[in-house]
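Have the structure open as you read.

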Amino acid sequence: MVKNILRSLTPPLIWKAVAKLRRAKLGGRVAKWEHGVEQPPEYYDWSFERGGHWRSHYTESHYYPLWTVVADRVLRAGAERILDIGCGPGQVASLLFDKGIPRYLGLDFSPARVQQARTVCPGYRFEVADVFETDLLDEWDHDCVLVMEFLEHVERDLDFLRRIKPGTRVIATVPNFSSTGHVRYFDSVESVKERYAACFASLDVKVHLGNAKGTKYYLMEGLVGTH
């Protein structure tokens, strides 16, 4: 409780700086990352370097079945200008490029992941950016926003959704499991709608089963409502 109060009173830039110092490298070893809290860019650089699957072709990823559903929804909607929030190392971008999507901008605050994305998908644009600070959400023309495995990683998820222009199509995913970078997760379609429906003029939520152990992703698609 005290920690949450202190966090609410601390400017985000100061909080991030404190988090960075707390997780600094000690004696050549990386300090243990705190579970269940918002993480800084350094965490995502670190996890990218540790996880070889981030460098694999998109068809070899365990996320591939989910990504194909998302790509099909993008195509079905006739979207041609994709803004991808938390784009990661370019695997989804590569899939969309192969599907023929003409314009795409991927934003991520992890320099290591953006560099990988630029390497594997040079036909698209990628930028290192904090979505709460960049003007690209307003300046770059888009007709669809992808928000895959991002909303659960940030405290200000609702603030982000309110930044999107009303009438814009959003396709998003959130999980049903806890993880180091997850500040929240969901246990039902109803819990997803309870948190996010007010941000949309219309919102559809479907369950996507990730594996036989019960991992699930809630796939959201809707049009942003007036703020």
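Leaving aside neighbours within four places in sequence, phenylalanine 160 is in contact with Ile85, Val131, Phe132, Leu137, Val147, Phe150 and Leu151. Is phenylalanine 160 buried or exposed? With a relative accessible area of 0%, phenylalanine 160 is buried, because anything under 20% counts that way.

The largest nonpolar core has 33 residues, and the members that touch the most others are Ile85, Leu107, Leu151, Phe160, Tyr196 and Met220. Apart from this core there's another one, made up of 30 residues, including Trp54, Ala93, Leu96 and Ile171. As a bit of background, nonpolar side chains tend to be buried together in soluble globular proteins.

On to the rings. The count of aromatic pairs comes to 14. One of them joins tyrosine 58 and tyrosine 64, a tilted pair with 5.9 Å centre to centre and 40° between the planes. Tyrosine 58 is buried, at 9% relative accessible area, whereas tyrosine 64 is partly exposed, at 27%. Then there's the pair of phenylalanine 150 and phenylalanine 160, which is edge-to-face, with the centres 5.4 Å apart and 70° between the planes. Phenylalanine 150 sits in the loop between β6 and α8, and phenylalanine 160 in helix α8, so this pair links parts of the chain that are 10 residues apart. Phenylalanine 150 is buried as well, with a relative accessible area of 12%.

While you're in helix α8 (residues 157–163), have a look at aspartate 157. What is the relative accessibility of aspartate 157? It's 0%, so this aspartate counts as buried. Its side chain makes a polar contact of 2.7 Å with the side chain of arginine 195. Not counting residues up to four places away in sequence, aspartate 157 touches Leu151, Arg184, Arg195 and Tyr196. Two of those names, Leu151 and Tyr196, already came up in the largest nonpolar core.

Glutamate 155 lies in the loop between β6 (144–148) and α8. At a relative accessible area of 38%, glutamate 155 is partly exposed. Its C-alpha atom is separated by 8.5 Å from that of arginine 184, which is 29 residues away along the chain.

As for Phe48, arginine 55 lies over its face, at 4.3 Å from the ring centre.

Finally, a word on confidence. The chain has a mean pLDDT of 89, and 86% of its residues reach 70 or more. Over residues 1–8, though, the pLDDT is below 50, and this stretch has seven contacts in the model beyond near neighbours in sequence. Residues 12–30 also stay under 50, with 20 contacts beyond four places in sequence. Where pLDDT is low, the predicted coordinates should not be read in detail.

Definitions and conventions
Residues numbered from 1 in each chain as written. Predicted model: local features only at pLDDT ≥ 70, side-chain atom pairs only at ≥ 80, totals over all residues. Heavy atoms only, no water. Helix = DSSP H or I, 4+ residues; strand = E, 2+ residues; numbered from the N terminus. Buried < 20%, exposed > 50% of the residue type's maximum accessible area, 1.4 Å probe, protein only. Polar contact = N/O pair within 3.5 Å; in protein donor to acceptor, adjacent residues only side chain to side chain. Contact = heavy atoms within 4.5 Å. pLDDT = per-residue confidence, 0-100. Core = buried A, V, L, I, M, F, W, Y, C linked by side-chain atoms within 4.5 Å. Phe/Tyr/Trp six-rings, centres within 6.5 Å; stacked < 30°, edge-to-face > 60°. Lys NZ or Arg CZ within 6 Å of the ring centre and 35° of its normal.
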